[in-house]
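Have the picture open and follow along.

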Amino acid sequence: MAKHKDKDVKTNAMRILEQKKIPYTVHTYDCEEFMDGISMADALGQPHEIVYKTLVTVAKSREHYVFVIPVEAELDLKKAARAVHEKAVEMLPLKELTELTGYVRGGCTCIGMKKQFPVVMDESARKLPKVLVSGGRRGSQMELSPLDLMKAAGGSFADVLE
């Protein structure tokens, strides 16, 4: 199942994957403050193409949506809104992230938030055998199949990149 260097690193996201019997591997790195995804990929020696970031948005309807996209990519807000059948979405103000999700910037993942929001992963992930996403805290990444990630998150795939 999961490989842990330290039992203390287990997060809600990891517990959920284990409950669902979804295999994953944990990668840890030293990180006290926020580190962008590209720097984190470099710190782990991982190709940027398999490292994905989690973005939280809010729609005009006040509903929240979570998008999982490559670290080097930008979210196309119009495509994102279409993917979730909204007129428009915008990025959630950073100051609201922790209260809404239970996660801090740099440690946010699409599994195990305080409330389960609709999740959309960019379709580019479908062709990859594995991706790395935040493990639910800074300094921790989970490696798993993108199909398994969306199964655990109850998510779907769509073209949401600029």
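Predicted model: local features only at pLDDT ≥ 70, side-chain atom pairs only at ≥ 80, totals over all residues.

## A strand with cover on both sides

Which residues of strand 7 are buried on one side, and which on the other? On one face you'll find Ser 140, Met 142 and Leu 144, while Gln 141 and Glu 143 sit on the other, and all of them are buried.

Strand 7 covers residues 140-144, and five of its five residues are buried, so the rest of the structure largely encloses it.

## Who sits beside strand 7

Strand 7 has a partner in strand 1 (residues 25-28): the two pair in the antiparallel sense over four bridges. In that pairing, look for Thr 25, which stands opposite Glu 143.

Strand 6 (residues 131-134) also pairs with strand 7, in the antiparallel sense and over four bridges. Here Ser 134 stands opposite Gln 141. Strands 6 and 7 make a hairpin with five residues between them, and Gly 136 in the turn has a positive phi of about 105°.

## Salt bridges

Side chains of opposite charge can pair when their charged atoms come close. How many salt bridges does the count come to? There are four salt bridges, and here are some of them.

Is Glu 143 buried or exposed? With 17% relative accessibility, Glu 143 counts as buried, whereas Lys 130, at 34%, is partly exposed.

Lys 60 and Glu 90 meet in a salt bridge too (3.8 Å, N to O). Lys 60 lies in the loop between strand 2 (52-59) and strand 3, and Glu 90 in strand 4 (residues 89-91), so this pair ties together parts 30 residues apart in sequence. Lys 60 is exposed at 61% relative accessibility, and Glu 90 is partly exposed at 39%. Another salt bridge joins Lys 10 and Glu 18, whose closest N and O atoms are 3.1 Å apart.

## A negative patch

Last stop: the surface. Asp 36, Asp 42, Glu 49 and Glu 72 form a negative patch there. Glu 72 sits in the loop between strand 3 (64-70) and helix 3 (77-83), and Glu 72 is partly exposed, with a relative accessible area of 49%.

Methods
Residues numbered from 1 in each chain as written. Heavy atoms only, no water. Patch = residues over 30% accessible without salt bridge, like charges linked within 9 Å, V, L, I, M, F, W, Y side chains within 5 Å. Areas by Shrake-Rupley, 256 points an atom, 1.4 Å probe, with all protein chains shown as cover. Salt bridge = Lys/Arg side-chain N within 4 Å of Asp/Glu carboxyl O. Lys, Arg positive; Asp, Glu negative; His and termini not counted. Charge placed at Lys NZ, Arg CZ, Asp CG, Glu CD. Buried < 20%, exposed > 50% of the residue type's maximum accessible area, 1.4 Å probe, protein only. Pairing = 2+ DSSP bridges.
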